[in-house]
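Biologist: I am new to this structure, and I would like to learn how to read its contacts and its salt bridges. Could we go through them one by one?

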Amino acid sequence: MATRCPEVAQFDAQRFDNQAEGHSALIAALKPLEVALVVMEATGGYETELACALQAAGLPVAVVNPRQARDFAKSMGRLAKTDAADARMLAEFAAVLLRRDDLARFLCPLADPQQQWLAALVTRRRQLLAMLLAERQRLQITPKALHPSIEAIIAAIQAQLDDIEGQMVGHVREHFAELDRLLQSASGIGPVASATLIAELPELGRLNRREIAALVGVAPMANDSGASRGRRRIQGGRFDVRRVLYMAALTASRRNPVIKAFYERLIAAGKCPKVALVACMRKLLTVLNAMVRTNKPWDNALHDA
């Protein structure tokens with residue numbers, strides 16, 4: 001989980017409760033070790049409070065994708081999976097990250113309470129949408145006599161969804177009004193997309209265009225070997241951000257003059273619609289990143305390239 005630079009310290013696995021007392025105990029244990037980096041796996045939000053507590057104590061934290069951590073373990077020949085083995089593997093992974101020139105892109109920005117609450121609202125909205133979709137699908141295959149039961153649940157979920165969206169928009173307006181105004185100046189970015197980017201992509205404006213594209217997962221990855229040139233694909237990254245960005249790019253390809261012209265040029269050049277749309281996602285993200293970094297709203301004249 002943690003390492004001293006440049007080598008992994010003598011490792012001794014310990015357990016700590018994922019509560020405030022356990023967080024304090026872990027921090028007390030790490031402080032004397034001169035820890036250079038703490039690495040933990042993303043676990044659907046269970047890691048958030050610990051990451052914030054460690055950051056508040058002055059410890060740099062990197063939250064990595066579990067698949068990324070597991071792939072690292074396999075590359076090291078570590079096929080067994082136990083808590084102790086995983087902790088040792090993460091410590092070794094931390095030692096590798098410390099040697100990278102781009103270490104900064106792995107470090108988590110310190111989230112303030114307002115951003116944490118916004119992230120919780122965005123997550124809850126996503127959960128409600130999934131439940132709403134499931135109930136609507138059940139409605140299609142359920143006998144009509146049971147439709148009132150499903151329709152009642154749908155109405156209840158919709159009411160909760162409206163309430164959560166209202167809270168989300170109000171919270172953004174109260175705490176992130178300037179950033180929200182900046183993002184929504186781009187045609188294609190609406191309230192939901194803006195809230196999602198603010199909550200789940202705090203690195204926006206802090207990384208360069210290649211780093212932000214790779215972080216979200218819209219950078220095409222090479223698949224070459226010798227003389228063979230494989231098809232480039234996007235992979236990894238932050239799926240929930242990418243999903244929102246897809247819908248934003250889809251709207252922008254029809255309404256945003258810059259993105260629309262870019263999309264049409266790619267189609268005219270023979271690109272298939274899906275490839276062209278992914279390229280639009282990357283361009284839109286790159287422009288948004290530059291807008292946040294420079295604190296300048298969308299300008300068709302500047303971004304028409």
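Modeller: Let us begin with a contact, which means heavy atoms within 4.5 Å. In this chain, among contacts between residues at least 6 apart in sequence, 64% join residues at least 24 apart. This is a predicted model, in which local features need pLDDT of at least 70 and side-chain atom pairs count only at pLDDT 80 or more, while totals for chains, interfaces and linings use all residues. Residues are numbered from 1 along each chain as its sequence is written, and side-chain values use heavy atoms, with hydrogens and water left out.

Biologist: How many salt bridges does a search of the whole structure find?

Modeller: A salt bridge is a side-chain nitrogen of Lys or Arg within 4 Å of a carboxyl oxygen of Asp or Glu, and the search finds eleven of them. In one of these, Arg126 pairs with Glu200, their closest N and O atoms lying 2.8 Å apart. That pair links distant parts of the chain, since Arg126 belongs to helix α5 (residues 113-141) and Glu200 to helix α8 (residues 191-200), 74 residues apart.

Biologist: Is Glu200 buried or exposed?

Modeller: Buried means under 20% relative accessible area, exposed over 50%, and partly exposed in between, with a 1.4 Å probe and protein chains only. Glu200, at 16%, is buried.

Biologist: Which residue meets Arg126 in a salt bridge at 3.3 Å, N to O?

Modeller: That residue is Asp240, which sits in helix α10 (residues 239-255), 114 residues apart from Arg126. Asp240 counts as partly exposed, at 25% relative accessibility. Through shared partners, salt bridges join Arg126, Glu200, Asp240 and Arg243 into one network.

Key:
Helices (H or I, at least four residues) and strands (E, at least two) are DSSP runs, numbered from the N terminus.
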